[in-house]
Amino acid sequence: MNLLKDDFISTNQGKVSLRTLLTSEIDYQLQYYFDEVQLAMLQMLSSLATVVLQPTAVELRDYIANGLTEDVYDSKLSDVCSEWFDSECFMRSKPPANAKNPVAPITKLLSGIECGTSPNAIGLFSEVKRAETICPDCTHVLNYNLHMNIKGECFGPTGATGIRGGGAISTLVSGAKLRQTVMNNVIAVDLFQKYSQLDTDAELKPMWVTPLQGEVYQAQKIGLVRGLFALAYHIDFPVEERACQCDVCGHSSEQSVTTFIREKYKGSYGSTKTGRDAGAGWWPHPFTPSSIREDGIYAVCARDQNWHSWQDLSSYIVGKESARATFAPAYIVHQFQELSSARANLLVGGNIADQGSVVGRVYDLYSMPSTLSRQLTKVTQVVDMGLDSKERLSQALNKMFGIGYDKNFVTGIKDQAMNRYISNAQQVIQSILLDVDRKEASQLRKDAVQELQREARRIYSSVQRKYQHDMPLFKALVKGEYFLNRQ
């Protein structure tokens with residue numbers, strides 16, 4: 001099976017090839033049981049399409065606007081070493097002779113399932129039987145997901161940090177159809193070269209063709225295709241001649257995969273402290289928003305279990321400065337601004353990881369304005385209103401700390417209220433942004449202020465009602481209303 005030619009993508013219309021997906025008029029939908037696999041497949045398909053097309057900005061603009069024909073796909077494919085993407089070798093490499101090659105159940109490649117033995121190995125659900133057996137076609141997306149999205153600590157001492165860093169958030173530009181989403185996230189090679197400033201002699205071949213060398217992996221020496229499929233593990237998937245119904249895509253298969261073998265690479269990328277200290281440099285992965293600090297560049301990650309993506313939405317689309325860091329959007333957002341004036345929908349996804357635990361998922365879609373580069377203030381002002389209401393609610397609740405009650409008790413009350421606001425504001429902001437093209441900036445701002453402040457006041461009132469018979473707390477909360485309602 002070849003990933004550039006053959007049917008391996010699970011959809012609502014059966015399994016299809018990348019060629020069919022990109023050139024057909026059929027509105028295919030991905031069919032996988034886990035949202036992290038859906039996200040990884042979108043990333044992988046866009047990266048594979050980049051391998052085939054390797055378009056200039058002019059060509060990609062045409063593909064996005066007018067679609068792609070079978071003849072163009074076939075012509076482009078003829079210039080690619082497609083054998084590099086045969087299933088037997090794709091993203092796989094031989095480990096060193098003295099490697100231990102630990103074997104693990106395939107379940108560990110679905111990071112939401114708890115199947116570890118350490119105290120930190122916690123998942124969103126614990127039914128291992130939900131993903132014990134997969135078909136060979138799904139090994140590729142799980143392999144990609146491991147290298148690009150799963151935090152190394154999920155494997156404990158045998159975990160590796162890949163080129164994107166551990167637990168990085170991804171941003172993708174969503175389209176009306178699956179093929180449009182994939183094409184929106186294909187990389188224009190000339191624009192990326194200007195943006196990334198890689199060395200002119202950067203290695204272009206994938207790492208399973210030309211293996212990594214040395215203890216430090218210099219970012220400027222890693223070409224586009226090589227970086228899109230960068231390896232962190234030597235890995236293999238033993239195939240059993242046994243029929244199964246895949247626990248990931250649901251399709252029947254004549255072969256099964258229940259385990260995988262991996263050995264982490266010894267060297268370091270600039271996404272790790274060792275690599276940063278050795279001067280490896282940060283490789284600007286196209287789907288990765290980043291934070292630039294005094295001690296280096298880091299992938300933007302979900303902060304904790306109560307974090308919601310709207311809080312950092314401004315940094316995903318325009319960048320943002322804080323006292324500690326400068327946030328830069330992923331390259332793919334810059335590219336979309338350069339190539340298209342169409343309405344965009346921004347997909348923000350990833351795991352919320354805490355050491356070896358996966359405690360939550362991010363999978364949010366935001367409506368962006370048409371002419372994205374000229375109307376970003378509409379989006380950022382909605383987010384700013386959300387953050388402003390959050391700060392007012394925090395200040396109002398802080399009045400409880402001055403009445404002499406146990407600090408932990410009061411902190412618990414405040415944290416519960418703040419987390420409710422942050423969670424509820426997610427849907428409010430996504431809903432408001434649906435009108436981003438239909439309303440003027442002033443009206444959009446007015447709606448944001450009204451709805452977000454209403455939500456903050458609703459939560460504050462519920463806290464007041466709960467403690468109305470505790471006079472010291474109630475009086476403090478009454479005083480706090482000033483901060484909540486000030487103009």
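A residue is called buried under 20% relative accessible area, exposed over 50%, and partly exposed in between (1.4 Å probe, protein chains only). These classes are applied below to a predicted model, in which local features need pLDDT of at least 70 and side-chain atom pairs count only at pLDDT 80 or more, while totals for chains, interfaces and linings use all residues. Residues are numbered from 1 along each chain as its sequence is written, and side-chain values use heavy atoms, with hydrogens and water left out.

Confidence was examined at the outset. The predictor's confidence in each residue is its pLDDT, from 0 to 100. The protein averages a pLDDT of 89. A score of at least 70 is reached by 94% of the residues. Helices (H or I, at least four residues) and strands (E, at least two) are DSSP runs, numbered from the N terminus. Among these elements, helix α1 (residues 18-23) has the highest mean pLDDT, 98. Strand β11 (residues 320-321) has the lowest, 78. Where pLDDT is low, the predicted coordinates should not be read in detail.

Two loop residues were then placed. Lys266 lies in the loop between β8 (259-264) and α9 (273-277). Lys266 is exposed because its relative accessible area is 57%. Contact means heavy atoms within 4.5 Å. Not counting residues up to four places away in sequence, Lys266 touches Glu215 and Tyr217. Leu346 is 80 residues from Lys266 along the chain, and their C-alpha atoms are separated by 36 Å. Ala278 sits in the loop between α9 and β9 (290-293). Its relative accessibility is 43%, so Ala278 counts as partly exposed.

A buried helix residue gives a contrasting case. Ser389 belongs to helix α12 (residues 376-397). With a relative accessible area of 2%, Ser389 is buried. Its contacts, leaving aside neighbours within four places in sequence, are Tyr421, Leu452, Gln453 and Ala456.

Aromatic rings were considered next. A pair of aromatic rings is described by the distance of the centres and the angle of the planes. Rings of Phe, Tyr and Trp (its six-membered ring) pair if their centres lie within 6.5 Å; planes under 30 degrees apart count as stacked, over 60 as edge-to-face and the rest as tilted. The count comes to 17 aromatic pairs. One of them, Trp208 with Phe229, is edge-to-face, at 6.3 Å centre to centre and 75 degrees between the planes. This pair links distant parts of the chain, 21 residues apart. Trp208 is in the loop between α7 (189-196) and α8 (224-228), and Phe229 is in the loop between α8 and β5 (233-236). Trp208 is buried at 11% relative accessibility. Phe229 is buried at 0%. Ring pairs also link both residues with Phe85, Phe90 and Tyr144 into a cluster.

The last feature is a sheet. Strands of a sheet pair through backbone hydrogen bonds, either parallel or antiparallel. Two strands pair if DSSP finds at least two bridges between them. Three strands form an open sheet in the order β3-β8-β5, with antiparallel pairing. β3 (103-105) and β5 stand at the edges, each with a single partner strand, so one side of each has no neighbour in the sheet. β3 and β8 pair over three bridges. Pro105 has Thr259 in β8 as its bridge partner.
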